[in-house]
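Have the structure open and follow along.

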Amino acid sequence: MGMRLWLALSGLAAAYTPAVHAVPPALLPTLPRHDPLYGFYTQKPVWTPCAEDRRFSCATLKAPLDYARPDGGTIRVSLNRLPAADPARRVGALLTNPGGPGSSGLEFVFGAHGYFSAALRAGYDIIGMDPRGVGASTPVVCRSSSPRRTAETDRAKNPADRAALFAESCLEASGELLPNVRTPSVARDLDLVRAVLGQERLHFYGASYGTLLGRFYAHLFPARVGRMVLDSVVDPAGWPGDPTAQAVGFETAFRVMVGRCAQRPRCPLGGDPAEALAKVNRLISRTEDDGPLGADPGALVTGREALRVIQLATYREETWPAVTEALAAALRGDSGPLRLLVAVIPGAAGGEALSGGYQAVVCPHLRPEERTARAARAAGRAALRAAPLFGRRVEAQRQSCVRWPVPSLPEAGLAVRTDGAPPLLLVHNRHDAATPVHWARSAYGELPGSVLVLNDSGGHGFYPMGECTRGIVDRFLVEGRLPAPGALCEDHVNVPAGRRN
């Protein structure tokens, strides 16, 4: 359906000529030598073959710890690069961010051959960057030097107490880095990388949280925006402030997963979706009183891990058959298949553990009044009413920001304007659980001249779902052509025969 839909849209819009997104010459002068940022912007990266994969090259840059005090300390920002396969067709460098926050941009780009199309890889150097605070860049570290405090954190049962002790350990171990890994600082690093790579404009592909990062860049440097794609759009007015949006999204997606399974003749969860959902809810609730699922000590699964498996499965529909089968086995008392999924699905083990790199970015995006114990309890109650299964983690998530020792951003909870930037391409799956579609529509309404394309599918990530979704993004990045307003794709990830919910 993908390419046929693209052709159909072209026919419907016979009178419409897609705008060519030209990249004009630089509008801003070179930094003068006396500017404190001059040395950072004019450094020359030393590219060497990456140890992980010698098809890629790696480099490390220096960036100011605090852009407000560039003469102070420095941090490292680590990059990797997959050179354009066809130098004659090279458009430039495409910087990327896979979201998170806290995800490794280097790991994402090491998978570029399986993610980006041959056309994109021919025309662009694909660039990955571990954001400040993450991975190979100077990382946020949350490890107390005091064995006593570490033991206290590990023993803490109350989420608020554990979060407070964790925040203290982050401040103790990371010091001045902690307030300097917020989104605006990472956006400034993007501009530093743009300059060091010799690019007049930033060409950028950002997914999930990466869309918010891209929007902050366009807010700070509108005249330097090139071709920017925002995939699975985050609304700064709704994330992370709305306590129900994602919980309801995951709950709804899980209902769809169970409902599709129930349509099969031999669904492992049975033919009644409501009864299956109730059984899974009771199964997860039982872990809060009785401990992990399973009798085999080598196959125990906590309730948080089970929820995390379901949550991450909503990102990719092709995983649904394996998840429904594992949940059915757990309901029979066999936690082995679920334990296997915990082991093989990245990010599932341990449930949603506290992460310094994540908290350091998320907490400042909450407004000050949302970062109180009372507000955390109210958010938890609202989420539980709206989503009984996935709402149970919201209060603990909010409590983790109550004592976080970094203030909220002035932009927290507000729309981020991009006046003066060229049109952006927003792409989104209509039934995405992690980033609800109303976030994309809200952002579209706030970005004049931009285009929003929806794909009538679930899953987290529009690109590269199929021919239509791939074509929409590739045409914009490679040729500069925005699609017609109202374009729609109907790409779905194929589930192997015999394994379809």
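P423 is partly exposed, at a relative accessible area of 28% (buried means under 20%, exposed over 50% and partly exposed in between, with a 1.4 Å probe and protein chains only). You'll find P423 in the loop between α17 (394-402) and β8 (425-431). Its C-alpha atom is separated by 5.1 Å from that of G449, and these two residues are 26 apart along the chain.

A quick word on ground rules. This is a predicted model, where local features need pLDDT of at least 70 and side-chain atom pairs count only at pLDDT 80 or more, while totals for chains, interfaces and linings use all residues. Residues are numbered from 1 along each chain as its sequence is written, and side-chain values use heavy atoms, with hydrogens and water left out.

Now the whole chain. Of the 501 residues in the protein chain, 54% are buried. Take the contacts (heavy atoms within 4.5 Å) between residues at least 6 apart in sequence: 75% of them join residues at least 24 apart.

On to helix packing. Two packed helices are described by the angle between their axes and the distance between the axes. Here the axes are lines fitted to C-alpha atoms, for helices over the stretch in contact, and angles run from 0 to 180 degrees between N-to-C directions.

Helix α12 (residues 303-313) packs with helix α13 (residues 320-331) at about 155°, the axes being 10 Å apart. That makes α12 roughly antiparallel to α13 (angles under 35 degrees count as roughly parallel, over 145 as roughly antiparallel, 65 to 115 as roughly perpendicular and the rest as oblique). The α12 and α13 crossing is left-handed, which is the name used if the near helix is turned anticlockwise from the far one by less than a right angle, with clockwise being right-handed. From α12, V309, I310 and A313 meet W320, V323 and L327 of α13. By class, the contact of α12 with α13 has 6 nonpolar, no polar and no charged residues (Ala, Val, Leu, Ile, Met, Phe, Trp, Tyr, Cys and Pro count as nonpolar, Asp, Glu, Lys and Arg as charged, and the others, Gly among them, as polar). As 10 of the 11 residues of α12 are buried, this helix is largely enclosed by the rest of the structure. Among those buried residues are E305, R308 and Q311.

How do α8 and α9 cross? The axes of helix α8 (residues 183-196) and α9 come within 9 Å, at roughly 70°. That makes α8 roughly perpendicular to α9. The residues that meet include R188, D191 and R194 in α8, and Y209, F216 and Y217 in α9. By class, the α8 contact with α9 has 9 nonpolar, 1 polar and 3 charged residues.

Next, the rings. The count comes to 13 aromatic pairs, where rings of Phe, Tyr and Trp (its six-membered ring) pair if their centres lie within 6.5 Å, and planes under 30 degrees apart count as stacked, over 60 as edge-to-face and the rest as tilted. Two of them are set out here.

| Pair | Centre to centre | Angle between planes | Kind |
|---|---|---|---|
| Y115 and Y205 | 6.1 Å | 65° | edge-to-face |
| Y209 and W239 | 6.0 Å | 50° | tilted |

Y115 lies in helix α4 (residues 112-115) and Y205 in strand β6 (residues 202-207), so their pair ties together parts 90 residues apart in sequence. Y115 is buried at 18% relative accessible area, and Y205 is buried at 0%. Both belong to one aromatic cluster, formed by F108, Y115, F116, Y205 and Y463.

Y209 lies in helix α9 (residues 209-220) and W239 in the loop between β7 (225-231) and α10 (245-262), so this pair ties together parts 30 residues apart in sequence. Y209 is buried at 6%, and W239 at 7%.

Most residues other than glycine have a negative phi, and most peptide bonds are trans. W239 is joined to P240 by a cis peptide bond, with omega about -5°. Another cis peptide bond joins Y463 and P464, with omega about -10°; P464 lies in the loop between β9 (451-458) and α19 (467-479).

S208, not a glycine, has a positive phi of about 55°. S208 sits in the loop between β6 and α9 and is buried at 14% relative accessibility. S232 isn't a glycine either, yet has a positive phi of about 70°. S232 lies in the loop between β7 and α10 and counts as buried at 1%.

Terms used
Helix = DSSP H or I, 4+ residues; strand = E, 2+ residues; numbered from the N terminus.
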